[in-house]
Amino acid sequence: MDNLQMWTYAVVGATFALYIGIAIWAKATTTGEFYVAGKGVHPVANGMATAADWMSAASFISMAGIIAFKGYDASVYLMGWTGGYVLLAMLLAPYLRKFGKFTVPEFIGERYYSQTARIVAVICLIVASITYVIGQMKGVGVAFARFLEVEASTGVMVGMVIVFIYAVLGGMKGITYTQIAQYCVLIFAYTVPAVFISFQLTGNPVPQLGLGGTINDGSGMTMLAKLDQVLVDLGFAQYTAQKGTSLNMILLTLSLMIGTAGLPHVIIRFFTVPKVKDARASAGWALVFIAILYTTAPAVGAMAIYNLVKTIQPGQVGQPTANLKIDERPSWFQNWEKTGLLKFEDKNKDGRIQYYNDKNKAFADKADSYGWKGNEMTKVDRDIMVLANPEIAKLPNWVIALVAAGGLAAALSTAAGLLLAISSAISHDLLKGIFRPDISEKDELMAGRLAMVAAIIVAGILGMNPPGFAAQVVALAFGLAASSLFPALMMGIFNKRINNSAAVYGMLAGLLTTLIYIFVYKGWFFIPGSNNLPDNAANWWLGIQPESFGAVGAMINFAVAMVVSRITPPPPDHIQHLVEDIRVPRGAAGATGH
Amino acid sequence: MQPTGSAAEYWKANLRLLAICLTIWFVVSYVFGIMLVDVLNKIHLGGYPLGFWFAQQGSIYTFVILIFVYAKQMDKLDRQHDVHED
């Protein structure tokens, strides 16, 4: 076993012992504690746990990689996944806390005085959450596989066991404390390499300032101007320039924001604070802890792509000796080649590697005159950038091991939170709320745990054979939450006139149009080849990409609900009073549901 | 429980505060970060083009401040209209 592997086992092992220890120590005893941690969680602690819950493998592993290769255009993820908290804090969290129930479908069922509405909400919740968990399980599997050197499917199974232990035994109370620990691990793991790299490149250890600083290669240029130039020299677009359309950027940002505010495992967090007042502050604290990672990510992405390009093209573009010699490529390069996620091919047989944009006609002609025969970096998977970053920057092995532990913390914490939302929807909403109202507390708790086991198995199996790329699955989860749950929740609070049929038709219209739009371009149930139209800009309706459609689905949901509510009778008086009651903080009690 | 004068006023004041906050939310992200990005990029903030900074840094900082300001103002409103807890 080499030094890096030893470090990885030590760091990952220590963090896992910590999580499991906490889960056992905080074992939930009542149904209330299982779902909402006994309402005794301080806003700062709750904010930290929410941040861990929220930041998944996508935030930790994928996002900086997307930023590295898309530059400015990736801003949609940064704004979209943070701006949703503004909506949560102002439009939903305090009111749902005042309402004082355990689950999102419970609110919808009661506000719209309709079991149908509750069942539709459960369906929306389960579909959105399961698709999201599949992505997490896959992330867990890949991370385990890479660092424990096992098969990906074995990695998923190891992950299933770990998730099972602390989610099923601990419930929300266990998860809350475990997630605080996970937040500390993941944020430390994310910022340490960023600080090192920012200091190496700009002399400023604060990554947020380093990205806006001057690069210390003697050129006197700013980091971003230098990066723009380095990329343009190789035929790529400027890092800071916009490549896609503004319409898609706006709609995708909106979809991600609304989706964030509509995701049940995030909303459920705000039921766990003692007071309405704390629900507002809690959203603020959650965003503080999220922002630490999200404002660091742009620096991580920009510096990673700079280091990657500089490794392959250390000298002047066009000079025959300016490119990386194949025999001299660094060990991280060779290690990632083994995973199949990084590939090169010496097309011009000069014993060196060229990385450039061969789709840029003007530059490809110029490259031809240098004797280059096409881009030789035939595959650079975006998802390796965060994991490979500390290796590219030649940081010590303990930092690399830490990043592995952080990635696993991010994936596991999100998977656990989502599983809890799924289990409460099934045991509390379907079983206790609709089919077996007389169920005992003990049986409900047991049913919740069984539902969680079932969800882990389903998500694990699908995680071994994911129905599409992780990004597609995540886009679907956000689009679904945005188009179905968020409008129903928001209108339930802000519009007294919306009645049961308006909510049900609204949710169904939003959900179905979004699902169908995605399936038409991405394939029905993501089965390859079953798409009706090719997935490109020429075929999209009004040029809207399927990933961005959740925002349109939400607008359809709002519009349908408005129209239906005009032509049907208003909700009964006691519902209108309920809405008036949740609008004021006074009189908020602990969660009731029994 | 019919809305008393005070409850209706409280809700109105809340909606007014919401409108202000959401306008700022919209302007820093959608307007500064996307729609006006090219114009703002002509101005620089240290080594950052300003529009780019709003899209990748500034909007996030603004969101954080916005939530805390909203929470604080709502606490004040709760007390003014006597609808606060405890």
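A salt bridge here is a side-chain nitrogen of Lys or Arg within 4 Å of a carboxyl oxygen of Asp or Glu, and across the interface of chain B and chain A this rule finds three salt bridges. The model is a predicted one, and over all chains the count of salt bridges comes to 11.

**The interface between chain B and chain A**

- The contact draws 53 residues from chain A and 44 residues from chain B, and together the two chains bury about 4,400 Å², of which 68% lies on carbon and sulfur atoms.
- Between chain B and chain A there are 15 residue pairs in polar contact, counted where both residues are at pLDDT 80 or more.
- On the side of chain B that touches chain A, the elements giving two or more residues are α1 (5-35), β2 (48-49) and α3 (50-80) of chain B, and α3(B) gives the most, with 17 residues.
- Sorted by class, that side of chain B has 28 nonpolar, 11 polar and five charged residues.

**Salt bridges across and within chains**

- Arg280(A) forms a salt bridge with Asp78(B), with the closest N and O atoms 3.1 Å apart, and this pair crosses between chains, from helix α13 of chain A to helix α3 of chain B.
- Both partners are buried, Arg280(A) at 3% relative accessibility and Asp78(B) with a relative accessible area of 4%.
- The side chain of Arg280(A) also meets that of Asp75(B) in a salt bridge, at 3.6 Å from N to O.
- Within chain A, Asp217(A) forms a salt bridge with Lys226(A), their closest N and O atoms being 3.1 Å apart; Asp217(A) counts as partly exposed because its relative accessibility is 38%, whereas Lys226(A), at 10%, counts as buried.
- Another salt bridge joins the side chains of Lys325(A) and Glu328(A), at 3.9 Å from N to O, and here Lys325(A) is partly exposed at 34% relative accessibility, while Glu328(A) is exposed at 54%.
- Through shared partners, salt bridges join Arg280(A), Asp75(B) and Asp78(B) into one network.

- Asn307(A) is found in helix α13 of chain A and counts as buried because its relative accessible area is 12%, under the 20% cut-off.
- With neighbours within four places in sequence again left aside, Asn307(A) is in contact with Ile197(A), Leu201(A), Ile392(A) and Ala393(A).

**Residues with positive phi**

- Most residues other than glycine have a negative phi.
- Tyr113(A), although not a glycine, has a positive phi of about 35 degrees; Tyr113(A) is found in the loop between α6 (104-111) and α7 (115-148) of chain A and counts as partly exposed, at 27% relative accessibility.
- Asp82(B), also a residue other than glycine, has a positive phi near 55 degrees; Asp82(B) lies in the segment after α3 of chain B and is partly exposed, with a relative accessible area of 46%.

Technical notes: Residues numbered from 1 in each chain as written. Chains lettered and ligands numbered in written order. Predicted model: local features only at pLDDT ≥ 70, side-chain atom pairs only at ≥ 80, totals over all residues. Heavy atoms only, no water. Contact = heavy atoms within 4.5 Å. Buried area = accessible area lost by both parts, 1.4 Å probe. Polar contact = N/O pair within 3.5 Å; in protein donor to acceptor, adjacent residues only side chain to side chain. Helix = DSSP H or I, 4+ residues; strand = E, 2+ residues; numbered from the N terminus. Nonpolar A, V, L, I, M, F, W, Y, C, P; charged D, E, K, R; others polar. Buried < 20%, exposed > 50% of the residue type's maximum accessible area, 1.4 Å probe, protein only.
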